[in-house]
Amino acid sequence: MPSAMQQLGFDEAAFRARTTEDIVVGQEIIRHRLSSRLIHWSVAISFFLCLFTGLPVWSPVFGWIGNLVGGLSVCRVLHPMFGILFAAAALVMFFHWAKEMTLTAKERGWIGPRLFAYLRDAENHAEIGKYNGGQKVFFYTSALAGLGLLLSGIVMWYPTSFPHWLHQTAIVLHSFTFVLFAVSIVFHIYLATTAEPGTFNAMTRGTVSKAWARIHHPKWYREILGLEKRS
Amino acid sequence: MSTPALEIRRSSASVLGSLTQTRQTPKVAKYVDTTICIGCKACEVACQEWNDLPEVATTQVGSYQTLPELHANYWNLIRFNEVEHDGGFSWLMRKDQCMHCDEPGCLEACPAPGAIVQYSNGIVDVDPERCIGCGYCLAGCPFNVPKFQDKSGKMQKCTLCVDRTRVGLEPACVKACPTGCLHYGDKDDLVSMAKARIAQLQSHGFANATLYDPQGVGGTGVITVLAHGDHPEWYGLPRDPTVPLSVTLWKKVLRPLGFVAVLGAVVGAFAHHLYHGNKGHIDPGPRDAGEPPAAA
């Protein structure tokens, strides 16, 4: 039964998704309210700005990207600034989502066997709430990577202000963290787009279908429909 | 000595790696005999003059030394080391400058194509136009030589007077040295000369006299005769310098591994999609009792 708002032609789900999440609106469930989506895209965009100004410095193979932004010296100037943007956005994101991302003892298996089972479609989803273990692990991977990239990046920004050994360690740490993060990002993007239809919508419009919720996050689905107490 | 036009043997951040040498060029070197350096600093002045470097305010460090360390506008610094040891006291002067390593850590670490080059005769040079001032060379240098301009952050250092040496002149410092402590020429010739000098020193009571030409960096283009060769650290020289592990780890291990890992992830994602398809098809199983139907 369409609500009064919908009868009047309002896009009620999109409207309510500005401030509210975890509610049912018609056939949709609001998964990410506007603030969540904004913070996610701030991190994503600043990450890509860092990527495009960092890759040409990482390897001359990406020199052509450097040319697109005005040369390597422009990268040298802009990359640290974008880095600060990225770190700031990641910090806000961390506190925005930290409460919902607590990894329970049962979910530890996602750092390994359950993640692979998930990729084989052999994972038992029944008890998955709003976020599955893989998403939580990715959340912490991002936070750690953000921290590692920030700390090493500051040292690399002002190399002459720090001891020699710290500068050298920072370069290695920056590379290592980047590779770790880049691999995670590839999977993140894949799983959020083509691997799972309907998922991307959660981060753009903010909503998912009931069927989507029931397939991927059944416990969350039951909680929202009031069939189960929220835990 | 006349030098034919210099080819570039190695260039920083080169995708294709070292260039093929079409012409054999002998390695050149600067010979420094610390035992007859009198600390007159004529070489410092000549370096400033020839390279037209702006003045750098001196810093009182408690000795005759001009500055605590090299500077972007001061590429040649005589270090006045005072060392107390079993045999008494030694006042050891040593010419601090770019060592022109055969395997330069700075060049290895540099991410800007062509910013640091090594010519076929072994001279390591910086192109300020291509330098981006990132400071990676500092992490790569085992001798703490790269110094940076305050504003631009660009690196500057001794060029072994490549603008003089390429037309057959000796470096300005060598030209100015009044004691014969400095020589310039083919490295092989200078190494023979150093050996003779070391034999002389050894017969005059300096049993540990050696030539400092560290093989960890493939040998250097500045070879230094040390009376106390068993204690290079007395002269402010590292005992066994190499291209730092961090640079090797980053460029030779993490970077190729990173390429493989990221490409592997992309290929893996594609393969996964081809094999498993997307997750929309999965049957969520029987509905829980009382659960209203989920409309698609």
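Predicted model: local features only at pLDDT ≥ 70, side-chain atom pairs only at ≥ 80, totals over all residues.

A residue is termed buried if 20 or more other C-beta atoms lie within 10 Å of its own, with the C-beta atoms placed from the backbone.

Strand β11 (residues 222–226) of chain B has 5 of its 5 residues buried, so the strand is largely enclosed by the rest of the structure. In a regular strand, side chains alternate between the two faces of the sheet. In β11(B), B:V222, B:T224 and B:L226 point one way, while B:I223 and B:V225 point the other way, and all are buried.

The pairing of this strand can be described next. With strand β2 (residues 28–33) of chain B, β11(B) pairs in the parallel sense over 4 bridges; there, B:V32 has B:T224 as its bridge partner in β11(B). Strand β10 (residues 210–212) of chain B also pairs with β11(B), in the antiparallel sense and over 3 bridges.

Strand β5 (residues 116–119) of chain B is joined to β6(B) by 3 bridges, and the two run antiparallel. B:I116 has B:V126 as its bridge partner in β6(B).

The loop between α2 (105–109) and β5 of chain B holds B:P113. This residue has 19 C-beta neighbours inside 10 Å and therefore counts as partly exposed. Although B:P113 and B:S11 are 102 residues apart along the chain, their C-alpha atoms are separated by 6.9 Å. Leaving aside neighbours within four places in sequence, B:P113 is in contact with B:S11, B:S12, B:A13, B:S14 and B:R130, and also with A:P60 and A:G63.

Those last two contacts lead to the interface between the chains. Here 42 residues of chain B are in contact with 39 residues of chain A. On the side of chain B that touches chain A, the elements giving two or more residues are α3 (136–140) and α7 (245–276) of chain B. Of these, α7(B) gives the most, with 15 residues. The residues of this side of chain B divide into 27 nonpolar, 11 polar and 4 charged.

Attention now turns to chain A. Two packed helices are described by the angle between their axes and the distance between the axes. Helix α5 (residues 72–97) of chain A packs against helix α7 (residues 133–157) of chain A at an angle of about 150°, with their axes 10 Å apart. Angles over 145 degrees count as roughly antiparallel, and α5(A) and α7(A) are therefore roughly antiparallel to each other. The crossing of α5(A) past α7(A) is left-handed. From α5(A) the contact draws on A:P80, A:G83, A:A87, A:A90, A:F94 and A:W97, and from α7(A) on A:F139, A:S142, A:A143, A:G146, A:L149, A:L150, A:G153 and A:W157. By class, this contact has 10 nonpolar, 4 polar and no charged residues.

Methods: Residues numbered from 1 in each chain as written. Chains lettered and ligands numbered in written order. Axes fitted to C-alpha atoms, helices over the stretch in contact; angles between N-to-C directions. Parallel < 35°, antiparallel > 145°, perpendicular 65-115°, else oblique. Left-handed = near helix turned anticlockwise from the far one by under 90°. Contact = placed C-beta atoms within 7 Å. Nonpolar A, V, L, I, M, F, W, Y, C, P; charged D, E, K, R; others polar. Buried ≥ 20, exposed ≤ 12 C-beta atoms within 10 Å, placed from the backbone. Pairing = 2+ DSSP bridges.
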